[in-house]
Amino acid sequence: MTVLRYREAVKAAMVEEMERDSRVFLIGEEVGHYQGAYKVSEGMLERFGERRVIDTPITESGFSGVSIGAAMVGLRPIVEFMTFNFSAVAFDQILNNAAKLRQMSGGQLTVPIVFRAPNGSAKQVGSQHSHAMEHFYAHIPGLKVLAPATPADAKGLLKTAIRDDNPVLFMESETLYNIKGEVSDDPELLVPMGLASVVREGKDVTIVAWSRLVHAALDAAKVLAAEGIEAEVIDVRSLRPLDEETIIKSVQKTHRAVVTGEGWPYGGVGAEIADRIQRLAFDDLDAPVLRAMTLDFPMPYNAKLEQHVIPGAARILEKVRAVTYQR
Amino acid sequence: MAKVLEMPKLSPTMEEGQISVWHKKEGDAVGVDDLLAEVETDKATMEYRSFDKGTLLKILSPAGAVVKLGQPVAILGNPGEDISALGGGQRPPPTPPGLSGAAPVAEPAAPAAAPAAPPVAAPPAPVVAPPAPVATAAAPVAAPPAPVAAAPTPSPTGRVKASPYVRKLARDRDLSLAGVAGSGPNGRIIARDLDGLVAAPATSAAPSAPAAKAPVAPAGLEAPEVRPLSMMRKAIARRLTESKQTVPHFYLTIDIDADPLHHLREQINADLASAAPAGQPAAKVSFNDLLTKACAIALVRVPECNAQFTADAILVHRRVDISVAVAVAEGLVTPVVRDADTKGVLEIAAEVRDLAGRAKAKKLKPEEMANGTFSISNLGMYGIDSFAAVINPPEGAILAVGQVRREPVVKGEAVVPGRRLAMTLSCDHRVVDGAVGATFLRALRQLCEHPTQILLGG
């Protein structure tokens with residue numbers, strides 16, 4: 001085990017997989033000479049050379065399309081967007097080519113590609129650069145969407161994503177890049193997709209979270225524990241495929257659920273999880289499933305308003321108190 | 001869309017508030033930060049200002065009402081909006097404070113002064129206790145005052161609102177949810193409302209049920225028959241334990257000359273028998289009916305015994321509602337004869353007969369067993385000479401009545417055959433001091449030994 005920062009864990013996964021499989025390459029804006037916009041790919045150009053660490057022009061639609069084509073004919077690209085906000089420019093490529101070609105070709109083609117980038121809000125990056133894009137992509141059959149919260153899961157899940165024969169969207173977070181955690185050095189230790197992790201056990205309420213909100217949920221759980229409420233915190237890690245079994249088992253124990261993540265409440269992954277819970281654990285619910293999401297506004301630039309709009313421990317606490325009928 | 005305005009938390013320790021005055025009336029436009037009402041909390045009178053704008057469509061809790069945190073007080077929305085789904089259609093039936101329809105056993109909800117029953121299995125709910133003691137601050141009045149939010153609010157369809165988990169528990173345990181007071185939003189029955197009514201593994205899903213049935217007999221000895229606790233048995237256990245643990249009881253006993261009462265009763269029943277139409281059963285009057293009326297008159301004379309303790313004040317009731325303990329198959333219930341001081345003995349007799357009959361048939365409504373102000377328990381028919389009863393919270397006293405004893409008594413200078421009756425008053429010393437209890441018993445003795453006063457209504 002080594003203690004790594006999240007960004008180092010992401011790099012470790014890429015390096016190990018590129019060492020293991022010569023078909024894997026990294027492509028994106030500033031991934032090479034600039035060492036990555038967030039220094040995730042630091043040193044990789046030097047290590048693998050310009051044929052496998054490829055700097056592109058500012059043309060997300062172009063390099064996404066090129067990479068999807070490369071995947072169709074046998075390579076295994078890792079596409080880095082500077083942030084997931086800019087994947088919107090490449091949305092048509094991802095929606096209509098990456099997600100569809102396996103099905104439309106009757107299985108003759110596969111698209112083994114990973115799109116990865118920081119996702120969600122950062123600090124005052126403005127309305128157009130603060131999107132939680134997982135909701136858009138998790139909507140689409142044919143795509144897989146991962147959103148790890150810890151360095152260990154970032155490494156283990158990215159390796160799984162690179163080895164998967166289907167397109168995977170891998171959601172990192174600018175606000176998580178610096179967090180540290182123990183990470184396995186074993187190049188064959190993979191974290192499977194579709195498996196949630198119970199990061200804190202409790203009996204009174206289930207908090208289902210992903211990415212940054214896992215940490216906020218754990219903070220909230222500490223406050224609740226002091227009040228005598230034991231929250232179970234589930235890091236879903238994999239938004240599609242979704243590990244409903246772990247979630248349902250927990251709700252059958254606690255009878256109450258709060259779902260929290262970044263992104264607007266209308267539709268989205270939180271709504272999907274709430275639907276599964278009400279459908280599969282209906283008889284076990286003692287309260288409606290509530291969500292602690294981003295408020296339904298374009299992100300304000302003003303720092304205080306921004307903090308008001310994005311979800312955090314305070315909003316989780318508010319929802320937990322509601323589902324446990326506290327006031 | 002219309003929204004329900006709830007009682008806000010206006011002080012850090014507040015658990016309920018009393019609306020002192022509404023500053024908006026139904027139909028008024030409300031702006032953000034407008035003063036809606038003033039609320040008396042445990043600390044002070046606070047301003048309740050609006051977070052939203054709209055029109056005040058309905059006031060659910062009028063001035064004077066005591067409302068628990070989070071319970072609805074009003075509905076805000078657009079003029080003309082349909083608010084029937086929010087409870088704005090028709091007012092729930094008028095309900096005195098505290099009449100939260102408790103358990104089917106149905107003494108009134110928890111005593112205001114007693115600590116809230118700790119949630120047994122539900123997640124920690126330190127703030128909102130299940131069958132809410134609502135009555136604390138509101139002065140009890142004879143006429144049922146405005147609806148109180150914590151009372152179960154039957155939906156217009158009469159449907160019981162309960163969480164899916166509660167419904168599952170009810171199915172699994174064969175419980176009836178009718179009459180269970182819901183402490184959730186809009187009276188929803190939530191898991192903790194079943195605390196004390198259901199067996200242990202209620203909300204902690206850990207299937208550790210067998211642990212509860214652990215060893216029932218020492219090894220080598222025959223095991224006893226295990227009789228699961230009924231809801232009524234659990235409620236009796238909980239409430240009477242709570243009474244004995246939190247209410248400082250003391251006891252005063254009198255032994256009265258029961259001859260006059262006996263003769264009056266004989267005469268009344270003989271008259272009723274001869275007056276009854278042929279073939280019809282005659283009405284009858286029991287000792288207990290006469291004593292109920294006598295107590296009602298005595299309570300009017302000594303209102304300090306018709307009172308209850310709360311943390312803030314002693315509530316001296318302006319109504320005389322006498323709970324009459326009735327033994328039923330599973331335990332006992334205490335139906336209430338309302339306004340017994342204003343009713344005639346025959347009326348009381350008929351009412352007690354009806355209540356007791358329906359109690360044994362389990363047909364009593366929760367509100368018929370809640371909110372008494374004084375209790376009578378009579379074991380005379382079982383041959384008991386005298387005993388002391390446990391106070392039925394939040395009432396301040398209970399009278400335990402024994403049997404009429406035939407025995408030699410001294411009259412003048414002679415020993416003659418006579419009749420005696422012993423009665424013991426259990427008093428909550430926080431409300432009723434010794435001298436006050438004695439004054440009440442003196443009044444009661446005087447009435448019973450000159451019982452035509454009972455018929456004259458005091």
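Helices are DSSP runs (H or I, at least four residues), strands are runs of E of at least two, and both are numbered from the N terminus.

A word on the model: it is predicted, so local features need pLDDT of at least 70 and side-chain atom pairs count only at pLDDT 80 or more, while totals for chains, interfaces and linings use all residues. Residues are numbered from 1 along each chain as its sequence is written, and chains are lettered from A in the order in which they are written.

α1(A) is mostly covered, with twelve of its 15 residues buried (20 or more other C-beta atoms, placed from the backbone, within 10 Å of a residue's own). Among them are Tyr6(A), Arg7(A), Glu8(A), Met14(A) and Met18(A).

Now to two helix pairs, with axes fitted to C-alpha atoms over the stretch in contact and angles running from 0 to 180 degrees between N-to-C directions.

| Helix pair | Angle | Axis distance |
|---|---|---|
| α8(A) (212–226) and α12(A) (313–323) | about 55° | 8 Å |
| α5(B) (287–301) and α6(B) (345–360) | about 120° | 9 Å |

The angle makes α8(A) oblique to α12(A); oblique is what remains once angles under 35 degrees (roughly parallel), over 145 (roughly antiparallel) and 65 to 115 (roughly perpendicular) are set aside. Their crossing is right-handed, meaning that the near helix is turned clockwise from the far one by less than a right angle. On the α8(A) side, the contact includes Ala216(A), Ala220(A) and Val223(A), and α12(A) brings Ala313(A), Ile316(A), Leu317(A) and Val320(A); contact means C-beta atoms, placed from the backbone, within 7 Å. By class, nine residues are nonpolar, none polar and one charged.

In α12(A), the buried residues include Arg315(A), Lys319(A) and Val323(A). Their cover includes α8 and the strands β10, β11, β13 and β14 of chain A. Just after α12(A), Tyr325(A) takes a positive phi of about 60°.

In chain B, α5(B) is likewise oblique to α6(B), and passes it in a right-handed crossing. Asp289(B), Leu290(B), Thr292(B) and Lys293(B) of α5(B) meet Val345(B), Ile348(B), Ala349(B) and Val352(B) of α6(B). This contact divides into five nonpolar, one polar and two charged residues (nonpolar: Ala, Val, Leu, Ile, Met, Phe, Trp, Tyr, Cys and Pro; charged: Asp, Glu, Lys and Arg; polar: the others, Gly among them).

How values were computed. Two residues are in contact if their C-beta atoms, placed from the backbone, lie within 7 Å.
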